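Subject: Structure handover

Hello,

Here is the structure I promised to pass on.

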Amino acid sequence: MKKAKKILSWCLAGCLALGMMPGCAQNQQSETSSTTVKDVTITFMRQKDTTNSVTKCVSAFEKAYPHIKVKLLSMPASSDALHNTLVTALAAGDSSFDVMAMDSVWTQEFLDAGWVESVDSAFTQSERSKYLSSTLNSVTYNGKVYAYPYFTDCGLLYYRKDIITTPPKTWDELIQMSKANIGKNGIKYGYVMQGAQYEGFVCNVMEFIHGNGGDVLTNGKVSINTSNVINGLQDMKNVLSSGITPAGVNTYKEVDCAQLFTQGETLFMRDVPKYLSVVNADTSKVKGKVGICELPRGNDGTHGVGNLGGYNMGININSNNKEAALTFVQYMTGEAGQKVNALQGGYCPTRSSLYKDEEILAKYPDWEKFESIFADGVPRPLTPKYSKMSDSMQINFNKAVNGLLPIKTAVENVEKDLKSILNQN
Amino acid sequence: MISLHKKKTIGVSEARLGYMLVAPALFCILMIAIYPILKTLSLSLYSMNLQSPSDTKFIGLDNFKTLLSDLRFLSAFWNTIKFTVCSVAFELCVGMVMALLMNMKLKGTGVIRAAVLVPWAIPTSVSALMWMFMYNDQYGVVNDILTKLGIISKNVAWLGQASTAMKAMIFTDVWKTSPFMGLLLLAGLQGISSDIYEASAVDGASKIRQFFSITLPLLKPTMLVALIFRTIEAFRVFDIVFVMTGGGPGNSTETLSLYAYKTIFRNLDFGMGSAVAVVIFLFVLVFAFVYIRVLGKDTL
């Protein structure tokens, strides 16, 4: 019995010691293999792609570069979830992934934290000129370029072209047209937008603000307490309280709006380009009856302003395969990669030439309008402190348009918060 | 029998073997449980933002002072209290009814006991998503049923109004966790000997008298455990809120855990986020203490 215990304890010690062995053995192995075989495997972390376009792009890349294998690591589709996963990994200096997809609104934050490898020298001037300038801005930090724009996004007005011939130019017109059509042709609601309390809501708010000639920051200074901003928010509140939206519009996100719109009971919808395929799918009751155009503007604005978003591809500063990673990023964001991404997945390219591509226009005739709509679009403030700013705007403006706080007070709260976040007191 | 002397000469005493055997487990517990708690406590005393890790500095209790004047924190705190008190109170009542029903000697109680567990067995985020669809203003079944019963005349966006969103979430939580409460209480009920009931019946006690004079006092230890469990869980509520409203509308349903999560992961403000987490921890501690003092005076 005693002996058995002694043996047991030694076995235990042995096991503990052995536990460290495989690690050593593995290190030796990888050292020898890297000198003999040149094959590298890189890992690409991105949000889940339901369209399979990314796997198509990756296999085309692997065919073109047989010595590089790409492992795809799919994260949840929400931008916040991807952000939080990446932050945790990057802050810990994780090197297990080489390439990451970054939402354009938090790209600046990542660049500021020093988590992304610079691609300034590899990204030639002639290459840069091929990208939409708004997408390049989001990857530029202190005059240097750190990532490649992957795909872009912009708020659009979807309308029923079988009912409306000329889409509304202002929010007031939108309300009037909605009221005139509710009850006819099976129309129950005038307008749906993203009203739930989340980042998508901030995008919608920005469109009302920018569309009325206002802005959150002007030349980096907080400029939110102006009549343009206040009236822009008033436009939003008017739309929401005019009775043309469904009761639950303040719980809707992009996909809820698209689902409702496909039922054929809604006249107008604000959504992003990727839902064009959803509203025109065979299961949709409005297939072929949907037109898109620029969003309406406020009375003090000159034109409608869509909110620009999208994703960039950057290289992890701790990656061990930066060279292969760069080759991969350049391929994916190049002409060929983006074309597959557009045709297969409906992602809007960041390279302007693709909006004139015949194959793409044949598949998506509406895309010919995108270049001018995107040119009028404005991104959310490009600053490393964006998340905190967005937090304050999300809460205060959501309260304001839901009638829980006067607009003026909400704007003053946000002004105070932004000034303290940006140290502009 | 082994003599003490002999044991020493061999070198591996029973005690030492014991320590060696539990050492890996102890080490794991230390790393998994104790280390993060201590780390959070220490982080709450620092000003630390992941975006600028070099600016990290010790600021003592400043984070807590800031929280006290932070209206958002106070509203999150109030929301958490509302959620905890209402959901735990309702759960206790519903759970008690369930337990009493299941304790009756009827046919098919086995099946019922298994069936009531279904809500509890569904992962919270899944049931939250399910309820979110049920509360939907367009195709939600809640609106449909209430309209057919004539209670409401037009569809209501249950999660879209500050006045109903919190109630809707509390209802979901009660639905989900009452079975757990019920089963815990049932275990307590079955521990009460039937002799006592028989004796009291002979003395002429009514069923109601029996419930208040026998069942409730003897159920106190079980109730204590169930209440501690549920209060702690409810006070840390995260998944229901995160999935169903994300804190909206107008931040009227944000709870402390959601606030801590947003502060840490969205704003990368680890110092302040940890301070919120510490507040949650302290309150849970206070709750447990109060329960044990009030309910457990003569039972523990």
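Below is what was found, from the overall picture down to single elements.

Confidence first. This is a predicted model. The model scores are ipTM 0.83 and pTM 0.85. For chain B, the mean pLDDT is 90. In that chain, 95% of residues reach 70 or more.

Next, chain A as a whole. Chain A has 425 residues, and 47% of them are buried. Its secondary structure comes to 17 helices and 14 strands. Its C-alpha atoms fill a box of roughly 90 × 50 × 50 Å along the principal axes.

Now a sheet in chain A. Four strands form an open sheet, in the order 8-11-7-12. The pairing is mixed. Strand 8 (189-192) and strand 12 (290-293) of chain A are the edge strands, and each pairs on one side only. From one strand to the next, the twist averages 15 degrees. Look at the join between strand 8 and strand 11 (residues 266-271) of chain A. These two strands run parallel, and 3 bridges join them. For one specific pair, find Y191(A): its bridge partner in strand 11 is F268(A).

Then helix 8 of chain A, residues 199-210. Helix 8 has 12 residues and reaches 17 Å from its first C-alpha to its last. That is close to the 16 Å expected at 1.5 Å a residue. Is helix 8 of chain A enclosed or open? A residue counts as buried if 20 or more other C-beta atoms lie within 10 Å of its own. By that cut-off, 12 of the 12 residues of helix 8 are buried, so the helix is largely enclosed by the rest of the structure. Among the buried residues are F201(A), V202(A), M206(A) and F208(A), as well as E199(A), E207(A) and H210(A).

Last, the contact between the chains. The contact takes 30 residues from chain A and 29 residues from chain B. On the chain B side, helix 2 (14-43) and helix 13 (256-266) each supply at least two residues. Helix 13 of chain B gives the largest share, 3 residues. By class, the chain B side has 13 nonpolar, 13 polar and 3 charged residues.

Best wishes

Definitions and conventions. Residues numbered from 1 in each chain as written. Chains lettered and ligands numbered in written order. Predicted model: local features only at pLDDT ≥ 70, side-chain atom pairs only at ≥ 80, totals over all residues. Pairing = 2+ DSSP bridges. Axes fitted to C-alpha atoms, helices over the stretch in contact; angles between N-to-C directions. Expected span 1.5 Å × (residues − 1). Contact = placed C-beta atoms within 7 Å. Nonpolar A, V, L, I, M, F, W, Y, C, P; charged D, E, K, R; others polar. pLDDT = per-residue confidence, 0-100.
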